[in-house]
Each structure stands twice: as structure tokens, then as C-alpha cells.
Amino acid sequence: YTPEQEFFLGYGQAWCGKMRDEALRHLVATNPHSPPGHRVNGPLSNLPEFAKAFGCKPDAKMVRKDRCEVW
């Protein structure tokens with residue numbers, strides 16, 4: 001892996017986890033924060049740097065067509 005890819009892999013691993021459907025439903029109903037998977041896929045799919053690091057094609061699932069940009 002390239003250093004850029006390792007950065008994104010490390011970010012994803014920090015939120016890695018598995019939970020049962022019941023636990024996920026409870027988390028969504030009681031916790032104001034996004035579930036772990038959405039904390040990774042949501043932000044990274046908005047980053048052109050992520051797509052570039054992994055050579056994602058424009059129609060890949062991790063490349064948003066309506067990318068959110070703040071700056």
C-alpha cells in the first residue's frame with residue numbers, strides 16, 4: 001500500500017466493528033452520532049483524495065456524484 005492508502009486504511013480500521021442488527025437499531029435510536037460504518041464511508045466518499053489514492057473510477061460506490069464540499 002502507498003502511504004496515502006495506508007492513511008485511509010488506518011482511518012477505516014479505527015471505526016471497524018461488527019454489531020447485530022438489534023444493537024445497531026438501538027444505537028441509531030439512542031445515540032446522536034452516526035454508526036461506525038457511516039463515519040467512514042460518508043466522509044471518505046466525499047474526498048477526491050480518497051478516490052485518487054485508490055484509483056476509483058467516477059462510477060465507483062465510494063465516489064459521490066453530488067460531493068459535499070465546504071471549502
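Let's start with the largest pocket, which holds about 180 Å³ of space. By pocket I mean an open set of points on a 1 Å grid over the protein atoms alone, with protein on both sides within 12 Å along at least five of seven lines. The volume is the space filled by probe spheres set on the points, with grid points joined across faces, edges and corners. This is a predicted model, where local features need pLDDT of at least 70, side-chain atom pairs count only at pLDDT 80 or more, and totals for chains, interfaces and linings use all residues. Residues are numbered from 1 along each chain as its sequence is written, and side-chain values use heavy atoms, with hydrogens and water left out.

Helices, by the way, are DSSP runs of H or I, at least four residues, numbered from the N terminus.

Let's stay with H3. Its buried residues are Val-40, Gly-42, Leu-44 and Ser-45, and they pack against helix H1 (3–14) and H4. Buried means under 20% relative accessible area, exposed over 50%, and partly exposed in between, with a 1.4 Å probe and protein chains only.

Arg-39 also lies in helix H3. Beyond its neighbours within four places in sequence, Arg-39 is in contact (heavy atoms within 4.5 Å) with Tyr-11, Trp-15, His-33 and Ser-34. Gly-12 is 27 residues away from Arg-39 in sequence, yet their C-alpha atoms are 8.7 Å apart.

Now the inside. Which residues make up the largest nonpolar core? There are 5 of them: Phe-8, Val-40, Leu-44, Phe-50 and Ala-53. A nonpolar core is a set of buried Ala, Val, Leu, Ile, Met, Phe, Trp, Tyr and Cys residues joined through side-chain atoms within 4.5 Å.

Phe-50 sits in helix H4 and is classed as buried because its relative accessible area is 10%. Leaving out neighbours within four places in sequence, Phe-50 touches Phe-8, Leu-44, Cys-56 and Met-62. Phe-50 and Phe-8 are 42 residues apart in sequence, with 7.2 Å between their C-alpha atoms.

For contrast, Lys-61 is in the segment after H4, and it is exposed, with a relative accessible area of 84%. Its C-alpha lies 11 Å from that of Asn-46, 15 residues away along the chain.

Finally, confidence. The mean pLDDT, the predictor's confidence in each residue from 0 to 100, is 93 for the chain, and 100% of its residues reach 70 or more. Confidence is lowest in H3, at a mean of 91, and highest in H4, at 97.

Conventions
Helices (H or I, at least four residues) and strands (E, at least two) are DSSP runs, numbered from the N terminus. On a 1 Å grid over the protein atoms alone, a cavity is a set of points where a 1.4 Å probe fits but cannot get out, and a pocket is an open set with protein on both sides within 12 Å along at least five of seven lines; lining residues have an atom within 4 Å of a point.
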